[in-house]
Amino acid sequence: MKKAMVMLVFLCVSFVLFASLSVAEKDFLVTHGMRNTSFYGDFVQTKGLKNSERVLRSYGVVEVNPDKGIVWSTEKPYKSVVVITSRYIAQKIRNNEPVRTDMSGNYIYTLISSSIRSVFFADFGLMEECFTAELSRFGERDNKGSDFSGDRSEELKNPKEMKKAEELKNSEDPYASGQGRMGSLLNGGSSDSHTGSEDGWTLSLIPKDDVLSQFVERIYVSGKTDIESVRLVESSGDYILYEFKNLNEGEVISSDVWKM
Amino acid sequence: MSGKCNCLYNKKIISSFFSRALYSRLPFWAFHIVLFSAAVVVFLCSPRSINTDFMALLPMGGVNSEMRAAEKAFMGSRNNTVNFIIESSDSQKARSVAERIRNYFEGSGLFKTSLGKSFVYDAGELTSYITDNVYLFLNKDIQDYILQNPEDFKEDRLSYAFSAFSPVGMETLEKDPFMLSSLVMTSLLEKASNFSNARYDDGFLCAEADGKSYIVLSGELTSGNELKMRSRQKGGLGKPETLESVFEIARVINGEESGARVYLSGTPLHTAESSSNARREVAAISGLSVVLILLLFFFAFRNFYILKPFLLSLFLSLLSGASVLVIFFKEIHILTLIFGTSLIGTCIDYSVHFFVSFIRTASHGDGETGTEVPAEARGKATGSGVPAEARGKTAGRQEMPAEAQGKAAESGAPAGKRKWKTSYEARDAILKSLWVGFLSTFACYILLIFSSYEVLRQIALFCAFGLLSSFIVSVFLFPRISSRRMVSEKSPILGKKRGDASGVEEVFGARLGEGGKSAFGVRFEDGGKRMCTASPIYFVCFVLLVLFAVFLPKIRIHNDIGSLYTPSAGLLEGERVFSRVMGYEDVSYALVSGANLEEALEREHEFAERTKGIADILCITAFYPPPSEQRRSIAASRALIPYVYEMCETLALDEDASDNVRKKIETAEVRTEISELLSPFNLGKKGDNYYLAVILRDVKDSVAAEEASQAVGGVYYIQTAREISARLTVLTQKILFLFSAGFGIIIVVLLLTYGMKKGFLMVAALTSVVLAAALLCVAMGGEIDFFFVTGEILVMGLGLDYIVFMADGVKNKRAPSDADKSDPASCKEAHCGRREDTAHCGEARPGQKSAFPSVFLSFVSTELSFGILALSSFKPVRIFGFTVFSGILFAFLCAILVRRRDEKA
């Protein structure tokens, strides 16, 4: 009986420990890419079905600024800009007037904004308000590679997706043929951050909010020395994968965009 | 000739029948047996219940019964919801307290669903529904854009599909390649989110305000639990079986140092709290009234035996009132019982008049009546100066008056009834005044039955039949059960010396214009010779008329429902916090009708369009377009058909998908099935029409909203508090009209019954009472409200009783006693005859007595009842009680001024 009680207490304590990040884990994440500083880089967005080869892929530039917010500027195949701040979310589609949605009183948008900002600004307090977080760390030997070698969890492996990426690589797309920032991103392995012998990590985030959890089942954030990918898995099993390359500290986005 | 004989014969028969009935107990038995039997049968066939919902105090709105049914259906769910608002500076603490409350009520059956869960909708289900019917849901802006430039629209949607963080599921694209559902969902969620400050977070409705975290747990009570309360449990928390447990858990948590505070809100809690108070008050008011009145009567009559018939009359009156409610109403409102306690003070009046008359008759005519006088009474009579001769003639029993005996003999009445002569004499002496007094009060109550306000109708019917019972008991039963042992010579009513002014008269009479030494009398003299003595009531009436004319412009009819009910401090705070947290500070609603659902939806949409910018609208068409908009949406969607293949190809969809999409757009049809999510707004068919509900939040211009509702037609805009106040004002106007009509009828009846001279005197007194009430209103701010007017109707009814009794006196048909003959002064006093009657003093002629003692007792008992009502915690009851209390006081003073008295030159 005593043994059973001890086991029960142990299980409870374990659950609590795993339900939130420890200080050591937070320190680890901060030193391995999840930092609260401004940076920019290239991104590839891949939307895919759980049981289908079909994917939609787009490319662009992302800038993260803890003081201002995040800008996602999609350049290919269609232009669009999304700005996420603590006060509003703005979206500009093609040459249309930007549509701004204020956060005040709008729970859904506040939730989305908070979730995204908590991940990219390494705001662990906000993160733990929004999600139940769990960190997995693994060594180089586990790195079997996806498009950009940053995503190592089992759920993220998708051979069909990789095949599509190969097709894109061989297409006439200047980004896919290795020219420009996107080219290097698709070629993979050219970034220092992915070639080192650093241990990789994956942060698994489960939304606490009922409404959000009906749209997003889980978010995986993976990296080594930088954030390399963010994968949103929907409750249907469909996913959106954001992969990052050429991340640098500083700012590149015009101030006009922030005012959008 | 033969016909004339028949007519006379019939008249004789009818007259004989009524004469017999007047000296029979049959009317008493018939009335009560029929009434109580009917009530028992009705109750057994369909049990009645007590309605303790204080919202029923407010008149239901709606322009017709359909609207009222729709309003009731809409308010039903809202009125049955209990809210726990948990406040803490630490959101986790608030959450843990919320979980504790939720767990406490889990599985208790008190609430229909787990607390808070009823508001959580399945977003996936909603998305799926929108995606399946997206071609019906495009809003006007999107429709216009597509119809004007479908090519651009297609490009925009592609750009959106590839943009970052666009919430477009790949699976959805197969059904909806233009991602129209995301446009629709964004619009819907924006509308839903903007309607409340609160949001769902991990299964709880949360909000932040003033730097604090709030969690709101709401639950709809299961049927039958709305009003269940029981006495507070001592010690810890019991099983959550009744509403008391809601108060209990809040009290327990607030008593702990949990770092969180629980507030409560919701109509059922107000109702439960009020009904609990109401029951206590009914018991206290009834008990106190009965005790005080019995004490008063004991003081006045100095006899225990007389208390029995008083109690019997009281019991039968209350039972009759309750019986008639059981017969005519399925639910008896608790407020009826609170107001009904005033019946205790009013129904006792007839008993008072009868027994005052009886003990004076019995005492005055001991020597003649043949009423048996108990040894005790005989001894007292000796002590109080009853002449030996008179005492010697008390050996027999009461007998019927000669007139009655003749009539009874004629109609074959049993000879045995002749023994109640004194008591019948006593009754007959006041019969006319009793009739007039009863009919006037009864008529006033019956007037209230014509109001459209059910609680008022119940109160009126309860009191009217209670009075009727009391009247029947006093007229038909009391003469048969009165006996000489009910007479105490020590009674102050009889005075120190039999035949003198009564004790109460001695106290008040001399000061209030007795025996020609009027304190208020205006005597017009000419050269030392009296010309005439005008009753002071004319002067009072004149002064009041002048004052009324001066202050009339200041009087206005106004009702403010918000000021009538004051919840307990805890519930008031709870409601404030709930409104602040949810952002519901200013919410009103509208009902929309249509011959069918389609028409109702069209009207609702038009109303919503017209109120854009005036208020935030929450209604079905905000989420579900009306048929006309759906048709336009389908037309816009069909403009996209040429781009379907291109779109699908770009999005890597196969040909089957594009064929399906094309087919779906082509076959899209208008739908009018309302989703379950919107069911609270779908009130269904009531009568011949279909009804929908609309909630308006933060109305910036209520006049504009009202105009919008009128412009659309079939829309009834209700601003709860304002609306109810307005309805009460209309009701007040109607009752004032009835009041005026009743006043006019009473004037005519008085003039016809009592002639011009006495009739005018009574009319002047009654007019003074009414004017004084109006001036009291001016003194208190100049606003006449509903409860004031209903109180005044009763004042008119009761006040008229006093005036009639005092002005008409008590007719003594029997010859004066030897004592009277030997003492003319006392005869005058005792008989209180008119001027022409006073000449007989010292002779054996019929005379009159002052009704002062009985009126005084009636007045004090009524004042006791209404005085206690004026202390009620319910403002409407308090206003009503105070109005009647002050009105009756003035009516009594006026009655004294019109009192019969011997005038001395």
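Strand 2 of chain B is covered on both faces. On one side B:T81, B:N83, B:I85 and B:E87 are buried. The model is predicted.

**Strand 2 of chain B and its partners**

- Strand 2 spans residues 81-88 of chain B, and eight of its eight residues are buried, so the rest of the structure largely encloses it.
- Strand 5 of chain B, residues 212-220, pairs with strand 2 in the antiparallel sense, over eight bridges.
- Within that pairing, B:V216 of strand 5 stands opposite B:I85.
- Strand 6 of chain B, residues 260-265, also runs antiparallel to strand 2, and six bridges join the two.
- Here B:R261 of strand 6 stands opposite B:E87.

**Strand 8 of chain A**

- Strand 8 covers residues 200-207 of chain A; seven of its eight residues are buried, so it is largely enclosed by the rest of the structure.
- Strand 7 of chain A, residues 131-138, pairs with strand 8 over eight bridges, in the antiparallel sense.
- A:S204 in strand 8 stands opposite A:E134.
- Strand 9 of chain A, residues 216-223, is joined to strand 8 by five bridges and runs antiparallel to it.
- A:V221 in strand 9 stands opposite A:L203.

**Strand 11 of chain A**

- Strand 11 runs over residues 239-249 of chain A, and eight of its eleven residues are buried, so the rest of the structure largely encloses this strand as well.
- Strand 1 of chain A, residues 39-48, is antiparallel to strand 11, with nine bridges joining them.
- A:Y239 in strand 11 is the bridge partner of A:G48.
- Strand 10 of chain A, residues 227-234, is antiparallel to strand 11, with five bridges joining them.
- A:E243 in strand 11 stands opposite A:S229.
- Strands 10 and 11 of chain A form a hairpin, with four residues between them.
- A:G237 sits in the turn of that hairpin and has a positive phi of about 105°.

**A salt bridge between chains**

- B:D156 and A:R94 meet through their side chains in a salt bridge, at 2.6 Å from N to O.
- The pair crosses between chains.
- B:D156 lies in helix 7 of chain B, residues 150-162.
- A:R94 lies in the loop between strand 5 (88-93) and strand 6 (99-102) of chain A.
- A:R94 is partly exposed, with a relative accessible area of 27%.

**Salt bridges within helices of chain B**

- In helix 6 of chain B, residues 140-148, B:K140 and B:D144 are four residues apart, about one turn of the helix.
- Their side chains meet in a salt bridge, at 3.8 Å from N to O.
- B:K140 is partly exposed, at 45% relative accessibility.
- In helix 25 of chain B, residues 597-610, B:E606 and B:R610 are likewise four residues apart, about one turn of the helix.
- B:E606 and B:R610 form a salt bridge, with their closest N and O atoms 3.2 Å apart.
- Both residues count as partly exposed: B:E606 has a relative accessible area of 32%, and B:R610 stands at 42% relative accessibility.
- Elsewhere, B:E151, B:K154, B:E155 and B:E646 are joined into one network by salt bridges that share partners.

**A negative surface patch on chain B**

- B:E649, B:D654, B:E655, B:D656 and B:D659 gather on the surface in a patch of negative charge.
- Which element gives the most to the negative patch? Helix 29 of chain B, residues 655-667, does, with three residues.
- B:D656 is placed in helix 29.
- B:D656 counts as exposed because its relative accessibility is 53%, and exposed means over 50%.

- B:A278 lies in helix 11 of chain B, residues 267-301.
- Is B:A278 buried or exposed? B:A278 counts as buried, at 0% relative accessibility.
- The C-alpha atoms of B:A278 and B:S873 are separated by 8.6 Å.
- Along the chain, B:A278 and B:S873 are 595 residues apart.

How values were computed: Residues numbered from 1 in each chain as written. Chains lettered and ligands numbered in written order. Predicted model: local features only at pLDDT ≥ 70, side-chain atom pairs only at ≥ 80, totals over all residues. Heavy atoms only, no water. Salt bridge = Lys/Arg side-chain N within 4 Å of Asp/Glu carboxyl O. Buried < 20%, exposed > 50% of the residue type's maximum accessible area, 1.4 Å probe, protein only. Pairing = 2+ DSSP bridges. Patch = residues over 30% accessible without salt bridge, like charges linked within 9 Å, V, L, I, M, F, W, Y side chains within 5 Å. Areas by Shrake-Rupley, 256 points an atom, 1.4 Å probe, with all protein chains shown as cover. Lys, Arg positive; Asp, Glu negative; His and termini not counted. Charge placed at Lys NZ, Arg CZ, Asp CG, Glu CD.
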